[in-house]
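Thanks for coming. I have one structure to go through today, and I will take it piece by piece. Please look at the model first.

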Amino acid sequence: MSYSTQELMIVAAAREIADGDVVFVGMRLPIVAYGVARLTHAPNAVGLFECGIVRYAPAGAVLYTMGDPPNQMGAAWATGLIQVMGQLQRGRVDAGFIGGAEIDRFGNINTSYIGDIAKPRVKLPGSGGAADIAAMAKRLIAIMNHQKRRFVEKVDYVTSPGFLDGGEARSKAGLGGGPAAVITDRCILRPHGPRKELHLASVHPGHNVDEVRGHTGWDLKPLPGLAETAPPSRAELAALHAIDKEGVWR
Amino acid sequence: MKDKLLPLDRAISENLGPGDAVVLGACLEPDIPFAATYEIIRQGIGGLNVIAPISDASTDMLIGAGCVAEVTGAWVGNVSGGLGHNYRRALEDGEPGPVIVHDHSNFSLAMALLAGAHGMPYVPLRSILGSDIARSNPAFRRAENPFSEAREPVVLVPPLQPDLAVLPVQRADRHGNAHHWGSAGLIQESALAAEKVILLADEIVDAEVIASDPSRVLIPGYLVAAVCHLPGGAHPSPMTGRWRRDNQFFEDYHRVSRTRDGFLDWLREWVLEVPDHAAYQKKLSQRLDDLRITGTAPAAITSYAVA
């Protein structure tokens, strides 16, 4: 069965959601991943949206923003931001998805400033809820396009904390949780070892280790037992196609 | 009760001045009072501190129009396009003028408005620990939780009490009692934290309609300075049960605002040469009608009977 790179990323993201998880979903690719997880292995997952929405089943129509009318109708809860984001601080959120412009070897993510803060080369939009999700979800899953300018040795600005300088730095800063996976268009990275540095965990079909390392701004090491990312199963693709009726992600 | 119904131009001119701190929408992507954004630009009110978790392209428009000195927020851009071109030009090149950014996350801004709403001196926060937000915004303080035996760092967030909050609601009476439904973001915290509140009501209803369902009241009228009757006043942002989002409008804005000249052309066409909201509605015409939600999906009857 054929599938697009984006469909493989969606399925890989869906696999990061366990049954019963409370998940900060976000927009675009992760919202489809949440739907796939619900229709396959995680029928009891719960989806949270920082504008103040909790949903069981994903919305029945394509969303441009999380506050669009289809996300409101049939919600499990339409409430305030604090009622939803407060669950992060309360320790009730199992997983959260975010994107970013830059990520470094310890999974720190920048969505704020490229270059000097006082005179940035590029002013990015900022955190939104990403810093909160990265700080307080039990597992953070980042989804990014894999380019050398985005996968850097050290980010210019830590909007959303990963393992900071590595090792125990994150727990010393008072944070639990941390990055669990980085899903890219080439591979999946996971933290490994005492330094909690991102390692290459699996390479997507059609890609290879040298290519991935060539597009990474640090000396990316493979995990022991490095494998190929499992392609979408028949059931996963069927679920994805049931959600993505318009074929936006094909 | 006092009749608080006012035309938008008077509501803004009587309640907002140069240098004020203002919340323009607090629900993140829905319910952004773009009609007020445009009116502020037409009145040329400058030096504003715009406070918003995420007010989609509204903040970017105000920056490009030269109304903004400071941004206190978690995110400034265009949800459809990503980056905000005016925000970039202001921060990267100082065009049309410099803008000071007070960085927040959504949750730290929420706690600042919560503190402002309830008169708390500060709120301790576990978020933004480890984030450079706690460093680039000098308003935050680091502390240890005094109740914890083990070392437990927290960030202290000071309160925000904006001068004005402009908030769209589905319906209100002439006295400012208002119903709002759907996700609420920080609308209630903003309303309670602000010195003054202007409501943009999609519909003006009799007082009995609001009084029939007090649990749906967002803000009682005594906290409201003015009510403006502006159907579609949140366009191009969505409003639950009333309006769909005009995605094309955001995409067009993103495309043309890529250059300063493109933005200025846009500003003339959609703001400066449009005298008021009625003219804006007329200009949108069929396009606005097509965004109107005409179906009904009513909630179950909610009774407050006493016997």
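This is a predicted model: local features need pLDDT of at least 70, side-chain atom pairs count only at pLDDT 80 or more; totals for chains, interfaces and linings use all residues.

In S7(B), Pro153(B), Val155(B) and Val157(B) point one way. Val154(B) and Leu156(B) point the other way, and all of these residues are buried.

Now the partners of S7(B). Strand S5 of chain B, residues 123-125, pairs with S7(B) in the antiparallel sense, over three bridges. Within that pairing, Leu125(B) has Val155(B) as its bridge partner. Strand S6 of chain B, residues 141-144, also pairs with S7(B) in the antiparallel sense, here over four bridges. There, Glu144(B) has Pro153(B) as its bridge partner.

Next, chain B as a whole. It holds twelve helices and twelve strands. For 307 residues, a compact globule would have a radius of gyration near 19 Å, and the 20 Å of chain B agrees with that. Its C-alpha atoms fill a box of roughly 65 × 55 × 35 Å along the principal axes. Buried residues account for 59% of the 307. Taking contacts in chain B between residues at least 6 apart in sequence, 74% join residues at least 24 apart. As for charge, chain B has 26 positive and 37 negative side chains. The centres of these two sets lie 1 Å apart.

Over to chain A. This chain has eight helices and 15 strands. What radius of gyration would a compact globule of 250 residues have? The value would be near 18 Å, and chain A, at 18 Å, agrees. The box filled by its C-alpha atoms is roughly 45 × 45 × 35 Å along the principal axes. Of the 250 residues in chain A, 60% are buried. For contacts between residues at least 6 apart in sequence, the share joining residues at least 24 apart is 64% in chain A. Its accessible surface is about 9500 Å², and 53% of that belongs to carbon and sulfur atoms. Chain A carries 27 positive and 24 negative side chains, with the centres of the two sets 2 Å apart.

Now the sheets of chain A. One is an open sheet of ten strands with mixed pairing, in the order S4-S3-S2-S1-S5-S10-S12-S13-S14-S15. Which strands stand at its edges? They are S4, residues 77-78, and S15, residues 222-228; each has a single partner strand, so one side of each is left without a neighbour in the sheet. Inside this order, strand S2 of chain A, residues 46-49, pairs with strand S3 of chain A, residues 53-55. That pairing is antiparallel and runs over three bridges. Leu48(A) stands opposite Val54(A) in S3(A).

Chain A also has an open sheet of three strands, again with mixed pairing, in the order S7-S6-S11. Its edge strands are S7, residues 109-110, and S11, residues 151-152, and each pairs on one side only. Strand S6 of chain A, residues 102-104, pairs with S11(A) in the parallel sense over two bridges. The bridge partner of Ile103(A) in S11(A) is Phe151(A).

One helix to mention is H4 of chain A, residues 81-89. Its buried residues are Leu81(A), Ile82(A), Val84(A), Met85(A), Gln87(A) and Leu88(A). After H4(A) comes Gly91(A), which has a positive phi, near 85°.

Last, a single loop residue. Pro205(A) is in the loop between strand S14 (197-203) and helix H7 (209-214) of chain A. Is Pro205(A) buried or partly exposed? Its relative accessibility is 25%, so Pro205(A) counts as partly exposed. Leaving aside neighbours within four places in sequence, Pro205(A) is in contact with Tyr3(A), Leu8(A), Glu228(A) and Thr229(A). From Arg15(A), Pro205(A) is 190 residues away in sequence and 17 Å away in space, C-alpha to C-alpha.

That is what I have. I will take questions now.

Methods:
Residues are numbered from 1 along each chain as its sequence is written. Chains are lettered from A and ligands numbered from 1 in the order in which they are written. Side-chain values use heavy atoms; hydrogens and water are left out. The radius of gyration is taken over C-alpha atoms; the globule rule is 2.2 Å times the number of residues to the power 0.38. Buried means under 20% relative accessible area, exposed over 50%, partly exposed in between (1.4 Å probe, protein chains only). Contact means heavy atoms within 4.5 Å. Lys and Arg count as positive and Asp and Glu as negative; His and the chain ends are not counted. The place of a charge is taken as NZ of Lys, CZ of Arg, CG of Asp or CD of Glu. Two strands pair if DSSP finds at least two bridges between them. Accessible areas come from the Shrake-Rupley method with a 1.4 Å probe; for residues, only the protein chains shown count as cover.
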